[in-house]
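Please look over the sequence and the structure shown below. The report that follows takes up selected residues, their charged pairings, a pocket and a covalent link.

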Amino acid sequence: MNGRCALLGGLLLGALLPGAQAQEWPGIRDGALYLRAQQGDSLQVDWQPAWQAEANAERLYLQAGDGRLLARRDIAAEEVRGRQQWALRPEDGDQRLEIPGYSFRRYRVRHADDTAALFEPVKLHFCAELPAGTRLYFRVRGGERALLAGKYHGGVDGLYAERLSDGHSLYLPLSRDLQYRRSDRIALPVSTEDQVWSLRLRGRGKAAFWLDGSANLFAQRPEHLFSPELVPGKVGLELHGEVLGPTPKLGVALPYTPPEAPELLARLAPRAASYYSFVDAMTRNPKREEQFRPLYLNRYDIRTDITLLSQSGRRPLLAANEMSRGGLKAWLDGIVALGGKGTHYLALADEPNLNYPDYASFAAYFARMAPLLREHPGAREAGVRLAVPSSSRLINGPSLNGASARRGLDWAQQLLAEHGEWIDALSWHEWMVRDLRATGVYRDAVRQAAQLVGVDAHGRPRKALLLEQTNLSSGNSVSPYEQETGIAALWWASVAVNAAQDGLLELLDWFPATDNENHAKGMIGLSDDGRYVLKPVGEAMVFMQRHWQEQVLRLDNDAFEVDVLAMRSGARIVLFGVNKTPRHQEIRLRGEPLTCRDQEPPRLHLLSATAEPGEGRLDCTEQPWRFSLPGETLFVLEWEAP
């Protein structure tokens, strides 16, 4: 199953009484339910605030057994409490309810007692707040080497497992004080027969538990355990010749020194970069950055970048004092010395909506520092541009109390109103959209950013749009199940497609390029024997960069689980896409310009989430063109057109 965040938020509010007419799954913060209705049923979802709900809009998705999106519920930030009801129909197959996380609401799901339901827990992250005495059931197939795993998040602190066939039991205590990415696990005995186990949680509150080596699915009743049927999906694409705008430059956050693995960075071929510049270090040593900036600019040909001002150790709170002004002057002198190559955006602070006491404090600092860029001799000619506000998230608030007064979009709007003549770009960071089915949030954010800055007569944003840092999670709250596996590859491909879809974004950077002591979420990681290697997300980046083109073409796509971007450079047409789920997909492509020549036929390239390359078969003898797409696969379809 897709290693998505979906943890057992569910079970009864205590235990259901015999003969109860409904099942209830309370406390879900981030999860998915598979639902198999024996007859017509009604699915009811209620929610209430958990933390900072009023600062965060959210979505729910209901899918049919073949992957079609049956319904989507948009929940506005101000809708902290609410209810949604949907019909469950047997003819729609094994339906899937997605409650994407990280969620700031608690969701309670109800359905009829004869509708079988399975919860797919996320691995590592907490995804539910559960009552004491929660009991669930899971199945381990004969011959499977299953591991029961869990993590302490301040609530549930132990897992009891009992094999129903003979009462054999195990207990897994959940350790406190582990690094976020670490967890506890225990091996279940291997059996030649299928075995059903009960799982009882010790304690209450935030819970994280899952299965490795077996289907990661849990039911409230043993008889409700089933294997969801992934019926092949059907995807309809229609290509148009209309150019929407340029594709964004794909990049990474680079170290403040020469790269540790230069040959791997060269394979990633970033076309954009983000940096930190530390004003205290720059004030002491104005030439400090000469060791890496010319290198990245000239050897790696990275001509578009953005720099965040901070202090050593990435201490973000800056004042308009002598140190900050000295550091800024040193930075400007260094950029001017590069000789006018490229465009160099500068953000005067790192995530000010997260780190400054309030908007007024940051605005006062900004008003004193921003004029120094225009006043510095040669800065404009050297490509220096000012970006704001480099916020933590754009549409929603940062992970902080009082987040509703700290939305990046609102701070950007105020800065544009007060100092619009100084500002060249709108920049932000996007975190915590961990669900592969929820990556459309990135397209929405880019569209709202464009709406804020306005567009010209050609539909181009009046200020450049820069999504300068992103990853599945912020800070150290990372999961190796995501970061070290193909999940990150699928996610990055999907994010890039969604962010680029309307031709409005200039730059999209993954954070960071290489694992370091504080952030084990790079595209480049360290193997057990100490070698630097490309993670699956790095291999995906190589594949993407090899086929990334200059312009975005309009493409209609009726699928929910398959994201596709149409691009063009001259006569070369490329469709880049990703099947985000294990489901097999049948693709149909029509429209123009489709050209299928015998001497130069279109080519279909595949890359699995685990970085296995391959070639696909395409039938382009007539429209629609037809090809099949395996589960969890990136693809490129390319051809030459007039």
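Arg59 is buried, its relative accessible area being 17%, where buried stands for under 20% relative accessible area, exposed for over 50%, and partly exposed for what lies in between (1.4 Å probe, protein chains only). The model is a predicted one, in which local features need pLDDT of at least 70 and side-chain atom pairs count only at pLDDT 80 or more, while totals for chains, interfaces and linings use all residues. Residues are numbered from 1 along each chain as its sequence is written, and side-chain values rest on heavy atoms, with hydrogens and water left out.

The partner of Arg59 in a salt bridge is Asp444, with 2.1 Å between the closest N and O atoms; a salt bridge here is a side-chain nitrogen of Lys or Arg within 4 Å of a carboxyl oxygen of Asp or Glu. Because Arg59 belongs to strand β4 and Asp444 to helix α9, this pair ties together parts that are 385 residues apart in sequence; helices (H or I, at least four residues) and strands (E, at least two) are DSSP runs, numbered from the N terminus. Asp444, at 22% relative accessibility, counts as partly exposed.

By the same rule, the count of salt bridges comes to 51, and three of these pairs are set out in the table.

| Pair | N to O distance |
|---|---|
| Arg59 and Asp444 | 2.1 Å |
| Lys287 and Glu290 | 3.7 Å |
| Glu289 and Arg293 | 2.4 Å |

Are the residues of these pairs buried or exposed? Lys287, with 56% relative accessibility, counts as exposed, whereas Glu289 is buried at 6% and Arg293 is likewise buried, with a relative accessible area of 6%. Salt bridges also link Arg96, Glu98, Glu120, Arg437, Glu561 and Arg583 in a network.

The largest pocket holds about 530 Å³ of space. On a 1 Å grid over the protein atoms alone, a pocket is an open set of points where a 1.4 Å probe fits, with protein on both sides within 12 Å along at least five of seven lines, and lining residues have an atom within 4 Å of a point; grid points are joined across faces, edges and corners, and the volume is the space filled by probe spheres set on the points. Its lining is made up of 26 residues, of which Gly440, Arg443, Asn498, Ala559 and Asp563 are the closest to the centre. Among the elements that give two or more residues to this lining are β4 (58-63), α9 (440-453) and β31 (562-569). The lining residues divide into nine nonpolar, five polar and 12 charged, where Ala, Val, Leu, Ile, Met, Phe, Trp, Tyr, Cys and Pro count as nonpolar, Asp, Glu, Lys and Arg as charged, and the others, Gly among them, as polar.

Ser310 lies in strand β22, which covers residues 304-310, and Ser310 is buried, with a relative accessible area of 0%. Apart from neighbours within four places in sequence, Ser310 is in contact with Tyr276, Ser277, Phe278, Val279, Arg315, Pro316 and Leu318, contact being heavy atoms within 4.5 Å.

One disulfide is counted, a pair of cysteine sulfur atoms within 2.5 Å, and this disulfide joins Cys596 to Cys620, with 1.8 Å from S to S. Cys596 sits in the loop between β33 (585-591) and β34 (603-608), and Cys620 in the loop between β36 (618-619) and β37 (625-629), 24 residues apart. Cys596 is partly exposed at 33%, whereas Cys620 is buried at 12%.
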